[in-house]
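Have a look at the model first, then read on.

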Amino acid sequence: MWDELRAHHAQVADRRFEALVDADRAAAFSAQAGDMLLDYAKTNIDATGRALLIDLLEQTGVAAKRDAMFSGLPINETEGRAVLHTALRNIDGGPIEVGGRDIMPEVLDTLARMENFANDVRNGRFAGQGGKITDVVNIGIGGSDLGPAMAVKALAPYHDGPRCHFVSNVDPADIAGVLRGCDPATTLVIVASKTFTTIETMTNARTAQAWMGQVVADPGAQFAALSTAEDKTAAFGIDPSRVFGFEDWVGGRYSMWGPIGLSLMIAIGVDGFRSFLRGAQAMDTHFKVAKWSENLPALLALVGIWHNQICGHATRAVLPYDNLLSRLPAYLQQLEMESNGKGVSMDGADLEVPSGPVVWGEPGTNGQHAFYQLIHQGTRVIPCEFLVAARGHEDDLHHQHQLLVANCLAQSEALMRGRDLDAARAKIADRFAGDELERQARHRVFAGNRPSVTIAYPKLTPFVLGQIIALYEHRVFVEGVVLGINSFDQWGVELGKELATNLQPVVEGTQSADGKDGSTAALVGFLQKNGV
């Protein structure tokens, strides 16, 4: 099937797909899940290409693997685990069994405990040693930070609880900057680490503990933990009633639906958080029942496969024209690149096609004044994914939101349409002539024929944010199955962490750099000489 797709691409690669985009194509190459629209008409995928891509889904067993995931089978084969982040948002669904045990009572019990605690924090029943909680500091890294930090920012219009802050980097500037604006006597610190051993997280947690201990008698009384290591959380001084665990069938980058989302729940309230879960659950249902030609996660995955594995476009720009989603590209970097940044298939053989793309982006319109130059006129084609809401949250500034929407739609149109040399000449013919006209015109040519998709929705609500995140989770899953890789392990992060642990005493000067390569040893020497 890969060969058939490559052959079809060779036949259509040089055509101008702008000519394809009429009203009929706009309807045929878009799909909806509830009130969310995915438009992929501005790509070079035609009916034949889409049929071949759907055949690829069928041949690689995506449907069976999807059903296995939702039913609790151990599809994370390298670690022997089920993959059930979807269970955390299965609040209106039926039983889900893992190893013959229904896990939903435990999931719902943990959700209820989170809700009780969040309500207590928000209404002052749980208070700091100086009064009602005014600030929440979430300390985590990777999936324990990127998801909730992104979601808290995205849902800022719904905040009616304490201010939420996030610390992830072991760089002391990160935690110092956050704590500087908080009162230790009215701050709740949430430590997010399943094992309670993550070195960056625990280093920052001890710093926060010492900071709080300068003012309050019992710092542990103002800490909560998102962890399964109750012995370690108890040793840290955190009461078991403020420890919220999750099972190993929830991967870090898929974990904000459960305890890792506690900071979000405190910020927007229990009802808002449940709406967030229901949005994701609605996308889960859509993914399970919609046929492939109308299935948003599958279609988004197939567009990604077409652009990366078939067309050879190695990067993907995520461009939310919604400033509230400014952290979404960073979140998707981990979700996609940690999940599908693999080099071997499930059987251990080398991949025969490229793995996942480089994912990056910034919100519009800021990016237009930064890197869009490269997107429009650079020598590499960069497929773009635009996200835009029909309405913003500032009703009195709706005219400004309309300008934002116009910019979003104009960018996707410009990428597709471009500007040829004749049009460029005509645009400046009143100012230049002869060879200078030709030279100047060439600088104003846009190649066009650059693909994009647009995800549109009525307004960024908790429900819609849940839809968006689940859409991308399932897109990653589909791409992983098609590529034949395990999207749910992350062995690539291990080596650097191991080496960092070994290097710390060398940097501190308690061990010699003997045995290190010349470059590393020289860098250690320079940094020690200059202040480490």
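## A strand and its partners

In β12, alanine 317 has tryptophan 360 as its bridge partner. Strands and helices are DSSP runs numbered from the N terminus: E and at least two residues for strands, H or I and at least four for helices.

β11 runs parallel to β12 (residues 358-360), joined by 3 bridges. Getting from β11 to β12, the chain goes through α12, in a right-handed β-α-β crossover; that means the path runs clockwise when the strands point away from the viewer. β11 also pairs with β13 (residues 384-389), again parallel, over 5 bridges, and pairing takes at least two DSSP bridges. There, proline 320 meets leucine 387 as its bridge partner.

## Who lines the second largest pocket?

Helix α14 (residues 398-417) gives the largest share of the lining of the second largest pocket, 6 residues. By class, that lining has 6 nonpolar, 10 polar and 3 charged residues. Charged covers Asp, Glu, Lys and Arg; nonpolar covers Ala, Val, Leu, Ile, Met, Phe, Trp, Tyr, Cys and Pro; the others, Gly among them, are polar.

## About the model

This is a predicted model: local features need pLDDT of at least 70, side-chain atom pairs count only at pLDDT 80 or more, and totals for chains, interfaces and linings use all residues. Residues are numbered from 1 along each chain as its sequence is written, and side-chain values use heavy atoms, leaving out hydrogens and water.
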